[in-house]
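Please read it beside the structure.

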Amino acid sequence: MHYKPSLGSRLFDAANVAILIVFSLVTLFPFLYILATSLAPLQQVLRGGLILWPEEVTWDAYRTIFSNTHFVRSLMTTVFVTVVGTLTNLVFTVFMAYPLAKKRLKGRRTMLFLVVFTILFSGGMIPTYMVVKSVGLMNTVWSLILPGAISAFNLIIMKNFFQGIPEELEEAARIDGCKNLGVLFRIVLPLSMPALATFTLFYAVGHWNQFFAAVMYITKSNLWPIQVVLRQMIIEGSTQDFEVAMGELNIIPATIKMAAIIVATVPILLVYPFLQKHFAKGVLLGSVKG
Amino acid sequence: MNDWAAKAADAADGPLIRRKKRGGTLRMDWDLYLLLLPGLLFFIIFKYVPMWGVVIAFQEYSPFKGILGSDWVGLQHFAKLFAYDKFWEIFRNTLLISFYNLIFFFPAPIILALLLNELRHQLFKRSIQTIIYLPHFISWVVVVGMTYLLLGTQGGIVNEIIAAFGGEKVAFLTTPEYFRTLLVSQSVWKEAGWGTIIFLAALSGVDTQLYEAAIVDGAGRWRQLWHITLPAIRSTIFILLILRLGNILDVGFEHVFLMLNSTVMSVGDVFETYVYREGLIGGKFSYTTAVGLFKSLVGLALVLGANWLTKKFGEEGVF
């Protein structure tokens, strides 16, 4: 545009940029503070005050949490649940979405209705708990995987995505001798990679951050995922496991808590840039109306 | 009823391609039915069996007698519920938290999206977007944990700064007056950035010629915002608002659960936290199932009502 921006327009831009920078700084500040403090040497932490840059990098807090078997075991549980859980989610969702995308399928409308209805109404916490208990999932990692195997929302979105794939491709594959499953694995899935990447990300983040299911279904602390252990450490302030270690290493618990937060957060943030290029835009926004 | 669900599910369909009816789809598509099986089992076991399980709200459920053997008590639990002050307290808390969210959280992504949309420098815009999307991927446990580390009275950096300036330490986490404010602030911090995506997508479709024409007509930045940008996202705002109203009893329960402690119970206890405490911990299965059922039914009515309202206003409904 060739119009010279007026003074008011430039002020508008300046204010806008300032507001967004402030919001971004507020977003980043807790991360920076916690990361810096978790790495800061003891003297600096004891001096108090705001730490945004460690005087020198010390890994003591990290060594402490990684030498704590309870913490490491919970991390392993979470990694397992995230990997196996996400695979389960994808297999269940794809397998159900594909037939439901076929208009010729008998009983399809009824099944779709039953799926959508679960978004609108649910039996609630207690009856669900009773089911999980009676099928013998209590105190197993499967209680964190199976009761949430399919998100009805994601199922519908994936079904719509499959329906968007031109039918001619399927016809062509059939002429070349593909059956239903061949079409799914050779045509539909390869064309759905962006969608699958997005769902992988969302399901994986969900599993990594899973908290309340574990509170309900897992009563043995040796099976707890990382989020439950984090809560116990930071919010309930129960650090009996760590006080012993503290005595030995002479580190105040705050740095340990902060190191634990970093360890529980960084892996899931690392996934984000890898999948970002396929991101939400194409898949989700096309399906959310408005 | 079947119709609207299927219609909803088909919302994004392309033109319908009709196939010739071939004899016996069961014979040809048996593998498709096989694929459906795990998913159907999932929905039956983990969604529909619990729906049937709500019958214990009308029983005096005893784990020893089981659902089939427990005594029926009719609407006794519901009568107890409505006569109970505590029930109205959790109802009020839920509505107040939702109301706070509606007033202070709901507009946040819209404002952010409008601000982002005004940025001219694309690299700067993308950097800001990357930063403000980040907190969406963090668990509520971490968000609440960070809040404890920042705002706590023992070593919390905010209170240390207050103390350094000679102020008195503030017990943010254990004062009922701060509870809802904290809750909404955390939600804005975590989700406002992510929430901009849907609005930015709507805005990306706006024809830039509209802005050029407006400039020729002498419209300033505010007039452009008011007459071009806002109308472009009006229907998105409207649909999200209606959806929010339909889900007014859902307050992000994991978040509330983590923020609750005994000192803020009077303002923070909501449906699910109450059901969890009294039901799972306290063992009052039938009574708390009645509480949950009440919430689910009101929620269902609200969602259907909101959807009806959306259509009434000439927008496309969600279902």
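Helix 11 of chain B passes helix 13 of chain B in a right-handed crossing, where right-handed means that the near helix is turned clockwise from the far one by less than a right angle, and left-handed anticlockwise. The model is predicted, local features need pLDDT of at least 70, side-chain atom pairs count only at pLDDT 80 or more, and totals for chains, interfaces and linings use all residues. Residues are numbered from 1 along each chain as its sequence is written, while chains are lettered from A and ligands numbered from 1 in the order in which they are written.

The axes of these two helices, lines fitted to C-alpha atoms over the stretch in contact with angles from 0 to 180 degrees between N-to-C directions, come within 9 Å and cross at roughly 125 degrees. The pair is therefore oblique, the class left after under 35 (roughly parallel), over 145 (roughly antiparallel) and 65 to 115 degrees (roughly perpendicular). Helices are DSSP runs of H or I, at least four residues, numbered from the N terminus.

| Helix of chain B | Residues in the contact (C-beta atoms, placed from the backbone, within 7 Å) |
|---|---|
| helix 11 | B:Ile198, B:Phe199, B:Ala202, B:Leu203 |
| helix 13 | B:Thr229, B:Ala232, B:Ile233, B:Thr236 |

B:Glu254, found in helix 14 (residues 253-259) of chain B, touches A:Phe211, A:Phe212 and B:Trp140, not counting residues up to four places away in sequence. B:Glu254 and B:Pro109 are 145 residues apart in sequence and 21 Å apart in space, C-alpha to C-alpha.

Between the chains, the contact takes 89 residues from chain A and 86 from chain B, and helix 1 (residues 7-39) of chain A gives the most to its side, with 13 residues.

Definitions and conventions:
Helix = DSSP H or I, 4+ residues; strand = E, 2+ residues; numbered from the N terminus. Contact = placed C-beta atoms within 7 Å.
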